[in-house]
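Here are my notes for you, written as numbered points. Keep the model open beside them and find each residue as you go.

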Amino acid sequence: MSSASAPLWDVHIVEFARSKDQPVASLVHGAHDEGVVDLPFSFVLARQPGRTVLVDTGFMKEGSGEEMSVRFGIPHWISPLRMLAELGVTPEAVTDIVLSHAHFDHMGSIGKFPNAQIYVQKREILSWVEAMALPPRFGFLTQIINPDDLRRAFDASVEHRLHLVDGDRDDILPGLHLRLGEGHTLGQQFVILETSRGRLVVSGDCVYAASNIRGHNHDGVYVPLANGVGSVWEQLKTIDRINDAIDGDMSRLALRLH
């Protein structure tokens, strides 16, 4: 981990959209009696002197991004750029982007930040290139992938702004650590930020809800997500790594569902 002298991160969780009436059982395995939820979509803004970082970017409702938002029933949306402007951040001021994974709602705005260095797991990018090359009968794997997002990632690589991370990395930026978190996708990662109140974990979609860690009925048995292209085995190991990273303190975990 980083030294005690490393600058601490000031963190904001920015909700920019919601999808309507998503069955909780489509998100958390075994949640068949929990009805539906308006599912929030968010990204994280983290700042320290000289650095303005996004963990994920949200997506734009334009072109293929608009098509994806219709497909997944997302009527409530505010531009991530407008949300950042409210916090005094211009697209040009974003120095770094850390992508938890390549689903459209997590990386659909990367083309709007021309100066940002982008960090993503190598396995995440390469696995989606392989999946996109499969015959159409494998389309289940890529239904949440917007090919235009992968094209923009390639454009960033040509500009030498795309960094392919291979596994865990401490201090990829001072006080910002990356952990491979397979399961939901083959190369998802979660982020640990050093803040004034200790470590904060941004889980991406490694964890949706407290029940993933606490178990149904708080029995302590990890519950996998109800969606994903990786294995349940890897999902549960990732949940365990996150639980270790927060020392069992759920207040230090950024969750999608509460």
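**Notes on the model**

1. Helices here are DSSP runs of H or I with at least four residues, strands are runs of E with at least two, and both are numbered from the N terminus. Before you go on, note that this is a predicted model, where local features need pLDDT of at least 70, side-chain atom pairs count only at pLDDT 80 or more, and totals for chains, interfaces and linings use all residues. Residues are numbered from 1 along each chain as its sequence is written, and side-chain values use heavy atoms, with hydrogens and water left out.

2. Now helix 1 itself, residues 64–71: its buried residues are Ser64, Gly65, Met68 and Ser69. Looking down the helix axis, these buried residues fall within an arc of 145 degrees, so they line one face of the helix. (The arc is that of the directions from the helix axis to the C-beta atoms; buried means under 20% relative accessible area, exposed over 50%, and partly exposed in between, with a 1.4 Å probe and protein chains only.) On the face turned away from the buried side you'll find the exposed residues Glu67, Val70 and Arg71. What do the buried residues of helix 1 pack against? They pack against helix 3 and helix 5 (147–158), where contact means heavy atoms within 4.5 Å.

3. Two residues other than glycine have a positive phi worth a look. Asp21, in strand 1, has a phi of about 55 degrees, and at 46% relative accessibility it counts as partly exposed. For Asp56, phi is near 70 degrees. Asp56 sits in the loop between strand 3 (51–55) and helix 1 and is buried, with a relative accessible area of 3%.

4. On to the largest nonpolar core, which has 42 residues, with Leu54 and Ile97 making the most contacts inside it. (A nonpolar core is a set of buried Ala, Val, Leu, Ile, Met, Phe, Trp, Tyr and Cys residues joined through side-chain atoms within 4.5 Å.) Strand 2 gives this core its largest share, four residues. A second, separate core of 15 residues includes Val55, Leu173, Leu176 and Val202. Back at Leu54, its contacts beyond four places in sequence include Phe43, Leu84, Ile97 and Phe113.

5. On a 1 Å grid over the protein atoms alone, a cavity is a set of points where a 1.4 Å probe fits but cannot get out, while a pocket is an open set with protein on both sides within 12 Å along at least five of seven lines; lining residues have an atom within 4 Å of a point. The largest pocket has a volume of about 460 Å³, and 25 residues line it, with Leu27, Phe72, Ile144, Tyr208 and Asn227 nearest its centre. Strand 1 (10–23), strand 2 (36–48) and helix 3 (104–107) each supply at least two residues of that lining.

6. How many cavities of 30 Å³ or more does a search of the whole structure find? The search finds one. The largest cavity has a volume of about 200 Å³, a volume being the space filled by probe spheres set on grid points, which are joined across faces, edges and corners. Of its 16 lining residues, Ser42, Phe43, His106, Val202 and Gly204 lie nearest the centre. Strand 2 gives the most to this lining, with four residues.
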